[in-house]
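I set out here, entry by entry, what I looked up in this structure. The entries begin with the ligands and then turn to the chain.

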Amino acid sequence: AEFTALDSQADDAASEEEAELSQPVLAVVGRPNVGKSTLVNRILGRREAVVQDTPGVTRDRVAYDAQWAGRRFTVVDTGGWEPSATGLQAAVAAQAELAMNTADAVLVVVDASVGATATDEAVAKVLRRSKRPVLLAANKVDDERLLSDVASLWSLGLGEPYPVSALHGRSSGDLLDAIIKALPEAPREREAVAGPRRVALVGKPNVGKSSLLNKLTGEQRSVVDSVAGTTVDPVDSLVELDGQVWRFVDTAGLRKRVHTASGTEYYASLRTKAAIDSSEVVIVLLDASEPLSEQDLRVLTSVVESGRACVLALNKWDLVDEDRRHQLEKELDRGLVRVTWAERVNISALTGRSVRKLAPALRTALASWDQRVPTGQLNSWLSELIAATPPPVRGGKQPKVLFATQAGIRPPTLVLFTTGFLEAGYRRFIERKFRERFGFEGSPVRINVRVRE
Ligand code: GDP
Ligand code: GDP
């Protein structure tokens with residue numbers, strides 16, 4: 001049984017890895033003035049003013065969310081990368097190199113009205129080594145007469161040139177179709193299961209789980225009958241709180257108050273893991289009248305590893321006096337470092353104290369768990385943060401963060417594309433600042449780093 005449990009954990013890890021990368025990345029490269037920004041705006045389907053370059057400063061925004069034929073992807077304008085190479089040709093070639101190491105596909109833009117220049121050749125030379133798909137856009141083909149010039153661009157050795165006019169929108173549909181074909185197929189995001197949101201109620205034995213469930217269900221008639229057409233797994237309970245119906249998962253054991261005698265610890269922990277896995281948000285019950293125990297920490301670790309949203313309920317608050325409260329604060333500061341983002345509610349399942357605060361906390365946590373920061377907004381915030389506090393130098397090298405995208409929700413997952421390793425301390429700094437700016441109370445936030453150089 002233990003091996004089976006381990007195997008299924010490994011599967012979870014693999015599917016999470018895929019989910020992280022669910023939004024593929026297209027990098028746009030080419031020499032200045034060929035129309036990259038205009039084409040990016042065309043791809044984004046808007047006629048927004050082209051982002052201004054500020055010399056010497058990382059461009060305000062470099063990455064954007066795009067969608068075509070129902071597929072979502074991230075478009076990166078490499079103009080903001082500022083490679084330190086001297087000379088135009090070297091700079092553009094270095095950008096192409098970075099693009100090909102970072103993105104899932106590269107779009108190189110050439111000005112067809114000028115033809116292939118030495119710089120274009122240099123870029124093409126780099127990109128011919130690319131292991132990832134490369135597409136060639138022949139821009140500024142504003143009318144049919146220029147089509148004959150387009151054919152000469154086959155000489156770049158990057159395959160078929162797609163004639164487009166970014167300015168007038170000519171043929172960009174064909175190019176977009178080709179881009180979608182070139183980008184890796186993205187697994188669709190875990191879809192919301194219809195119906196009430198799923199809550200797990202977990203905590204060590206005797207912390208008050210069944211008392212709380214009774215309190216929550218006791219103050220109402222059973223809602224099972226009143227939710228028309230709902231089939232409820234008999235191990236779950238539907239509970240109406242604060243005008244919303246919730247599915248408390250795997251509560252059969254709690255209701256029956258089964259406390260088996262043998263091997264309880266092991267089976268209780270399997271049971272806890274199963275409940276967490278089938279939930280979206282977890283209420284972790286802690287006994288405020290006792291010191292935090294190893295068992296509490298194991299439960300918290302399971303929650304953190306699961307990536308579920310979380311609310312901490314400090315139960316038996318009726319037993320907490322002034323002295324105990326001071327002591328508890330110290331224990332929690334030490335014990336809850338990995339879940340500082342979770343809201344704490346002080347309750348008493350016995351007296352009903354503050355139990356009605358649970359529903360709003362659950363709603364907040366789930367809203368955070370579902371939240372997505374648009375790529376443009378994320379990057380304008382990140383570039384400011386990094387300009388003010390760059391990552392620490394490692395081995396004489398300054399790692400650069402090229403751009404970031406929120407690749408997934410449930411839990412919110414950021415992917416940072418960098419030119420080097422980012423220390424754990426710096427990643428925590430980014431997470432702290434991210435939360436200061438965007439919130440995400442009640443939800444874990446994962447930060448992954450893709451180093452591709
Ligand atoms: P970037 O430096 O590669 O990002 O190029 P921009 O997008 O800033 O464009 C440079 C110039 O080329 C601008 O004046 C654009 O209006 C112009 N341009 C872009 N696309 C086209 C096009 O398809 N046809 C024509 N005639 N001009 C274009
Ligand atoms: P479970 O094992 O987690 O389901 O815990 P129970 O609900 O069976 O509670 C264990 C014991 O703690 C019972 O004697 C409850 O009456 C008691 N208890 C639960 N909640 C509270 C509370 O808020 N205050 C106090 N004083 N006792 C509580």
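**Entry 1: surroundings of the ligands**

I began with ligand 1, which has 16 residues around it; G35, K36, S37, T38 and L167 come nearest. The model I consulted is a predicted one. I then asked which element gives the largest share of the shell around ligand 1. I found helix α2, residues 36–43, which supplies three residues. By class, I noted five nonpolar, eight polar and three charged residues in the shell around ligand 1.

I repeated the search for ligand 2, which is surrounded by 16 residues. The closest to ligand 2 are G208, K209, S210, S211 and L350. Helix α7, residues 209–218, gives the most to this shell, with three residues. I recorded six nonpolar, seven polar and three charged residues in the shell around ligand 2.

**Entry 2: confidence**

I looked up the confidence values next. The mean pLDDT of the chain is 83, and 81% of its residues reach 70 or more. For the complex, the predictor gives an ipTM of 0.72 and a pTM of 0.72.

Where does pLDDT stay under 50? I noted residues 187–191, for which the model has eight contacts beyond four places in sequence. I also noted residues 220–229, with nine such contacts in the model.

**Entry 3: the chain as a whole**

I found 14 helices and 15 strands in the secondary structure of the chain. The chain has 453 residues, of which 38% count as buried. Among its contacts with a separation of 6 or more, 74% are between residues 24 or more positions apart.

**Entry 4: strand β4 and its partners**

I turned to strand β4, residues 105–111. Six of its seven residues are buried, so β4 is largely enclosed by the rest of the structure. On looking for its partners, I found that strand β1, residues 25–29, runs parallel to β4 and is joined to it by four bridges. I noted that V28 stands opposite L107 in β4.

Strand β5, residues 134–139, also runs parallel to β4, and six bridges join the two. The bridge partner of D111 in β5 is N139. I recorded β4, helix α4 (residues 118–127) and β5 as a right-handed β-α-β unit.

Strand β11, residues 309–315, is mostly covered, as seven of its seven residues are buried. Which residues lie on each side of β11? I found A309, V311, A313 and N315 on one side and C310, L312 and L314 on the other, and all are buried.

I then looked up the pairing of β11. Seven bridges join β11 to strand β10 (residues 281–287), and the two run parallel. V282 has C310 in β11 as its bridge partner. A right-handed β-α-β unit is made by β10, helix α10 (residues 294–306) and β11.

With β12, strand β11 pairs in the parallel sense over four bridges. I noted R344 in β12 as the bridge partner of L312. From β11 the chain crosses through helix α11 (residues 322–335) to β12, and I recorded this β-α-β crossover as right-handed.

**Entry 5: backbone angles**

I searched for a cis peptide bond and found one from R410 to P411, with omega near 5°. P411 is in the loop between β13 (401–408) and β14 (413–418). R410 lies in the loop between β13 and β14, and has a positive phi of about 55° although it is not a glycine. Is R410 buried, exposed or partly exposed? I counted R410 as partly exposed, because 19 other C-beta atoms lie within 10 Å, whereas a buried residue needs 20 or more.

Phi of S354 is near 60°, a positive value in a residue other than glycine. With 14 C-beta neighbours inside 10 Å, S354 counts as partly exposed.

**Entry 6: residue R197**

I placed R197 in strand β7, residues 197–202. R197 has 18 other C-beta atoms within 10 Å and is therefore partly exposed. Beyond its neighbours within four places in sequence, R197 is in contact with W246, R247, E280, V281 and L366. I noted that R197 and W246 are 49 residues apart in sequence, yet 5.4 Å apart in space, C-alpha to C-alpha.

Terms used:
Residues numbered from 1 in each chain as written. Chains lettered and ligands numbered in written order. Predicted model: local features only at pLDDT ≥ 70, side-chain atom pairs only at ≥ 80, totals over all residues. Near = placed C-beta within 6 Å. Nonpolar A, V, L, I, M, F, W, Y, C, P; charged D, E, K, R; others polar. pLDDT = per-residue confidence, 0-100. Contact = placed C-beta atoms within 7 Å. Buried ≥ 20, exposed ≤ 12 C-beta atoms within 10 Å, placed from the backbone. Pairing = 2+ DSSP bridges. Right-handed = clockwise from strand over helix to strand, strands pointing away.
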